[in-house]
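Work through the exercises below with the model in view, and try each task before reading its solution.

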Amino acid sequence: MINVLLQGYPYKLFDLDINKEKVSQISFPLIKAASILKDYGVNLFTLKDEFLVKPDLVIYWDFKRKKIPKYKNLPSILMRLEPPTIKSRQWEKSINNIFDLIGSFNSWNIEPQKFFKVGYPHDLSNINYFKSKNYSEKIIDFSMITRNKIPKYYKNQLISLINARQEIVKFFEKNKKYQFNLYGDGWGIGMFKPTKYNFYLSNTLQKIFSSQLNKETRYSPKNYCGILKDKVLTIKKSKFVFSLENTIVDGYLTEKIVDTFKYGAIPIYQGDPIFIDKFKNNKIFINPQEFENLEELVNYCLNISKDEYIERLMNAQYLLTSMNYIYSSEKFAKKIFKAIDKII
């Protein structure tokens with residue numbers, strides 16, 4: 001058995017029981033991957049067992065220089081699964097020499113001999129396959145499920161989509177003739193979002209306004225429906241779901257579009273350019289960049305016939321299981337095991 005210590009996020013996820021009902025859709029694929037790795041002979045343990053188990057290898061999910069010295073003589077892997085707009089320090093080339101291997105969705109700033117390609121895993125089981133009779137359940141034209149964030153300072157703000165999400169909210173605020181439901185944390189104080197504060201001030205503002213940010217108030221957008229209670233049911237009731245990533249970076253694909261496919265709605269997707277280019281001819285999602293403005297996009301969606309909608313969605317769901325581009329828990333675990341086996 002190979003003992004692997006996990007440092008940083010998401011170490012808490014692996015302390016959960018895979019059979020617990022309240023495990024989130026984001027957490028479940030990682031917990032499932034940990035279970036599969038155990039079958040491969042890899043024991044993942046976390047800081048709470050740090051003094052009970054002697055590690056053979058360390059996997060760092062977050063780079064913190066002060067955590068390195070304690071295990072500097074052990075083989076190590078850095079996971080770069082978040083883009084530089086979210087975790088800029090982890091993408092600095094100067095830290096590469098600390099690690100034996102670096103796993104990421106693209107090879108930017110990583111030496112070829114240290115890079116292995118991997119992305120966040122997704123749960124591709126229990127897909128709610130859409131049938132024509134389910135079309136009557138579609139009572140919401142447009143939905144968006146996202147947290148309202150303060151964009152962190154980064155030298156290239158052009159690749160951030162956080163402001164694009166806010167533009168969508170503003171559009172539907174002005175055009176109330178369209179049906180739109182907004183869900184998620186942080187919309188309780190309306191469009192308050194400083195964009196030019198530095199990282200530390202942004203975090204401070206988040207803490208100060210946390211109670212207001214998570215409440216539906218008279219200042220919140222009129223279409224705001226509060227914090228999401230049932231993601232599956234919300235997507236099942238929606239015809240189209242705005243599924244915008246945090247960032248436009250090659251290879252960065254999160255649960256946003258995968259869950260929309262899985263639970264039965266057509267995504268309006270903006271994010272990973274590789275994914276968009278690879279599947280653009282399959283007509284399984286709507287690309288906002290193909291339209292002059294949001295009004296043109298919205299009207300296009302509303303003019304899709306019932307038959308075309310059903311055909312698009314059913315094709316998308318059946319294609320989902322065959323998308324080798326998307327990482328399942330099994331594929332993710334295999335990638336991690338090969339990396340461990342290479343340096344142990």
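The model is predicted, and it holds 0 disulfides.

**Exercise 1. Decide whether Cys225 and Cys301 are buried, exposed or partly exposed.**

Solution. Begin with Cys225, whose relative accessible area is 34%. Buried means under 20% and exposed means over 50%, so Cys225 is partly exposed.

**Exercise 2. Classify the ring pair of Tyr40 and Phe337, and find where its two members lie.**

Solution. The count of aromatic pairs comes to 24. In the pair of Tyr40 and Phe337, the ring centres are 5.0 Å apart and the planes stand at 40 degrees, so the pair is tilted. This pair links distant parts of the chain, since Tyr40 is in the loop between helix 1 (27–39) and strand 2 (42–45), while Phe337 is in helix 10 (residues 329–343), 297 residues apart.

**Exercise 3. Classify the pair of Phe240 and Tyr309, and say which parts of the chain it ties together.**

Solution. The centres of these two rings are 5.6 Å apart with 85 degrees between the planes, which makes the pair of Phe240 and Tyr309 edge-to-face. Because Phe240 lies in strand 9 (residues 238–244) and Tyr309 in helix 9 (residues 306–320), the pair ties together parts that are 69 residues apart in sequence. Phe240 is buried, with a relative accessible area of 2%, and Tyr309 also counts as buried, at 1%. Both rings belong to a cluster linked by ring pairs, whose members include Phe130, Tyr135 and Phe242.

**Exercise 4. Determine how the buried residues of helix 9 are arranged around its axis, and what they pack against.**

Solution. Start with the dimensions of helix 9, which has 15 residues and reaches 21 Å from its first C-alpha to its last, close to the 21 Å expected at 1.5 Å a residue. The buried residues in helix 9 are Tyr309, Ile310, Arg312, Leu313, Ala316, Gln317 and Leu320. They cover an arc of only 165 degrees around the axis, and so they are on the same side of helix 9. The face turned away from this buried side carries the exposed residues Asp307, Glu311 and Tyr318. Finally, follow the contacts: the buried residues of helix 9 pack against strand 9, helix 6 (255–263), strand 10 (266–270) and helix 8 (294–302).

Note on methods. Residues numbered from 1 in each chain as written. Predicted model: local features only at pLDDT ≥ 70, side-chain atom pairs only at ≥ 80, totals over all residues. Heavy atoms only, no water. Disulfide = S-S within 2.5 Å. Buried < 20%, exposed > 50% of the residue type's maximum accessible area, 1.4 Å probe, protein only. Phe/Tyr/Trp six-rings, centres within 6.5 Å; stacked < 30°, edge-to-face > 60°. Helix = DSSP H or I, 4+ residues; strand = E, 2+ residues; numbered from the N terminus. Expected span 1.5 Å × (residues − 1). Arc of directions from axis to C-beta. Contact = heavy atoms within 4.5 Å.
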